[in-house]
Amino acid sequence: MAKASPVFSNFTAGELSPRLDGRTDLSKYFNGCKQLRNFVVHPHGGASRRPGTLFVREVKNSANNCRLIPFEFNVEQAYVLEFGDQYFRIHKDGGTVVSGGSPVEVVTPYAHTELADIKFTQSADVMYIVHPDHPVQKITRTSHTAWTITEVDFRRGPLQDPFLDGSTLTASGRTGSVTITASVNTFASTDVGRIIKLHDGFAKITAYSSATSVTATVRENEDQRTELMPAYTATTIAFAEGDPSATGLEHNDRITDSAASFIDEGFEVGMRITVSGSASNNKSGALIVSVTDDTILLAPSVDLADESAGSSVTIVGDLDADESYQLGAFSETTGYPAAVAFYEQRLVFANTLEQPQTIFFSQGGDFENFAPGTGAADALTYTIGSNQVNVIQYLSSGRSLIVGTSGGEFAVSASGTTEPISPTNAQIKRQSSYGSTSIQPVPVGNVTLFVQRAKRKVRELVYDFDSDSYYAPDLTLLSEHITESGIKEMAFQQEPDNVVWCVLENGKRVGMTYRREEQVIAWHEHTIGGTSTVDSTDYDYGFVESITSIPGDLDEDAVYLVVNRQVDGGTVRYVEYFSNFDFGDSIIDAHFLDSGLTYSGSATSSLSGLDHLEGETVSIIADGAAHADKVVSSGAVTLDRSATDVHIGLPFTSRLQTMRIDAGGTEGTSQGKTKRVRDVTLRLYRSVGAKVGPEEATLDIIPFRSSAAAMDAAVPLFTGDKDIEFDGDYDTDAFIVVEQSQPLPMTLLAIYPRLQTFDR
C-alpha cells in the first residue's frame, strides 16, 4: 500500500475526449478534465464558474428564429444587430436602441429561414451583407438611432467573361433609356437589375421583353460619361486628306480638333464613327485606327477632303451590333455572392451560382466600383483552377486573403511579397485540403479559425515562415466529443481570456480558451438555465440559437445570445448577454443566474418586472446572500426579507470532474489498481460555496459561513485553501468532482488529493 499526494495544478487541456481515458502518457492528460461544465478555463490554469446571463428583451416574434450580428464602428461604438424575419433591431450596453419609446427597427429582405446563410464585412459605419439569393445589401449607421439598409448599386461590374460565340447586342440609343436587342436568345426575366457592358459604356436592365430584347438605362462609364458611345459637337473640327498617290506617304486621312477634346470625349481605337454637319466630309462607319487628344486617324478606306474648322460638326460613335459585350456577374439569373471580405482596401466577393469558384475584387479604395483593367488599382476577377468544383464557402482577410472552399483552403496574394495585389500580379495557392463549411470563420491574432466541412472540427490556419505556406492543425483533436452534434456558429471573445464560443446544433454553447503562445487549447461545455422544446425534442436547458461578441466595458468583450426557452407554457426567444466575468472584489456585483435581472435601490421585499420568467422557479441572491427560491407570479416575487441589492434568474450548475488519478503505485502505474482518496485540499480564489466528492451523487458541502455569521448576511469572498475529508470508497478510478450549484462565484485554482494505492 502506497500513499501519494498528486496535484492537479491547472486545467489548461479542458475537457478531454473519453477516447483519452487511458492516455496517461500524454502530458495534457494531467491538465485535463473528464467533465468541465459551465466552467471557463483561464490561460493562467484555473477554472472559473461562467457568469450568468442578463435579460435584454424578447425578440420581435418568438415564433421565428433570429441571428445576432456584430456592428463595430470602433471599440466604444459597438452594437449587436438582431436579425429576424425581414427586420433587424439594435442592441447596445445591455439594452435595446429605441426612438420615440419604440425599438429602432429596419426592414430587410431576409426571411428568418435565410439568416444562417448571411455573411458580412464592415468598414467604419458601413456593413456589406451577402446572401446567395439576394442582391448585396449595405447597412449604414448615421447616428445612434438612424440606420438604413439599401441594395448596393455597383458601378461597372463585376462582369462575366465576354461572349465569344458570334452573338451580338445592339442598342437603340446611346443615352437614357434604351432598347437592347440580342441576335440570339440571351436574356431571362430574372435579368432585371443586371449590368451590361456594351460598346464603350454600361447599362442596367430595367425591364424584360423577350429572350432577345430588354430595356435598360445607360449608366456612367469609366470616364464618368453616361453614354454607350461618344457624341461630340464643336466648331473647332477640321478635316485633312491624306492621298498616297499625291504624296507618296502612308495614308493619313484625319480629323483634327484645335480644342484637343477627342480623348476626353471618349473616342477610342476600333470605334466606327459617323460625321455630320460637315460641308463635304459627312461619313458613316468610318473606322478609327489611331486617336490622340487633337487627331483622329481613319482607316485607309475612308477618303476625306480638306476642310477648315468653322462649321458645327458632330461626331458620334456608331451603335453597331457588338460581339464583345459582357453581362454582369451578379443577378437573379446568375446568383448573388455568398462570401465577402475586405482585403488591401478592396471589397471582395465570391461564389455565385454560375461562378462558385470565382473571386471578384473591387477597385482599390473604391469599394463599389468593379471596372476591370490592368492598372494597379483596377478591379480584377480570379477563378480558382482545380480538377474539381470547389465551392467557395468564406473569405477571411489576414496576411493573405484566405479562401475556404468545400474541397480545400487557398491563399490569395500578390506574387511579390511586399506588393499590393493587382490585376497583373495576383496568385492563388492551395494551402490544405480539409475543406470548409460555410460558417463564417474567426480571425484570432494572425491566424484564422475555421470549421471543417463536416462541422465537427475547428482548424487553425497558421502561416509558417520556414515553408512559406499555411498549415491547419485540428484544435478539437483531444476533445472531439464536445462538438459531436455539429457547430452552427462561432464568435470570438478577446477579453478577458481569449475564448472562442461555438453554438452547437443541439443548442449547447461550448467554449475554447485559446492561447496558442501559452499552448492553451481548452474546451469547455455550457448549458443555459431553463428548459426548451425544439423540433419536438425536449431539452433540460435553454437552447442557444445564436451568439456574437462585441467590445464592451471594463476591459471585457460583451457576449450576446439568443436563447429559446419554454416559459409559461409557450416558446419564447430572448436576447441576453453575459454578466462580467471579472466582477471585482464585492460579492454584491457577482451575477450567476441566467436570463436574470438586477435590482439596486432602497430596501424592498417586493420585486416586479419579471414577466419574461412568468411561472418559472427562480433563484435569488439578496444583498450577496442566497435566498430561498421563488415562483414568479404575475411578473413578481415577494422576498422573505427586505434587500437593497438583488439578483433574480434561472439557476445552473457548474461541475468539474478530474481524470483518473495516476499516482502512488509502487509497481508502476496506479491505473486499474484499487485506491482511496481520503481527503482533498481545494485552492480557491474569490469563491463562496462549493461541493466536493467522488461522484455527482456523493458530494459534501464545503462550509464557508462561520457559525457566528448571520444567515441572511453575505459571506465574504474566500481566497485560500479548503481542506475536506473525502467521502470516497475503494475503487480503481479515484475521480474528484467539484460542483457549485448555488448562484455564487467559484474559481478553482488547483486540487491536492491525498490517497492510498493498493498494488496487486
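**Salt bridges in the predicted model**

A salt bridge (a side-chain nitrogen of Lys or Arg within 4 Å of a carboxyl oxygen of Asp or Glu) joins Arg37 and Glu15, with an N to O distance of 3.3 Å. This pair links distant parts of the chain, 22 residues apart: Arg37 lies in strand S3 (residues 32-37) and Glu15 in strand S2 (residues 14-15). Helices (H or I, at least four residues) and strands (E, at least two) are DSSP runs, numbered from the N terminus. The model is predicted, so that local features need pLDDT of at least 70 and side-chain atom pairs count only at pLDDT 80 or more, whereas totals for chains, interfaces and linings use all residues. Residues are numbered from 1 along each chain as its sequence is written, and side-chain values use heavy atoms, with hydrogens and water left out.

Accessibility was classed as buried (under 20% relative accessible area), exposed (over 50%) or partly exposed (in between), using a 1.4 Å probe and protein chains only. Arg37 is partly exposed at 26%, whereas Glu15 is buried at 1%. Both residues belong to a network of salt bridges that also includes Lys508 and Glu525.

A further salt bridge is formed by the side chains of Arg516 and Glu460 (2.5 Å, N to O). The two residues are 56 positions apart and link distant parts of the chain, Arg516 in the loop between strand S45 (509-515) and strand S46 (520-526), and Glu460 in strand S41 (residues 458-464). Arg516 is partly exposed, at 37%, while Glu460 is buried, at 1%.

Arg515 pairs with Glu518 in a salt bridge, their closest N and O atoms being 3.1 Å apart. Arg515 is partly exposed at 22%, and Glu518 is partly exposed at 40%. In total, the structure holds 35 salt bridges.
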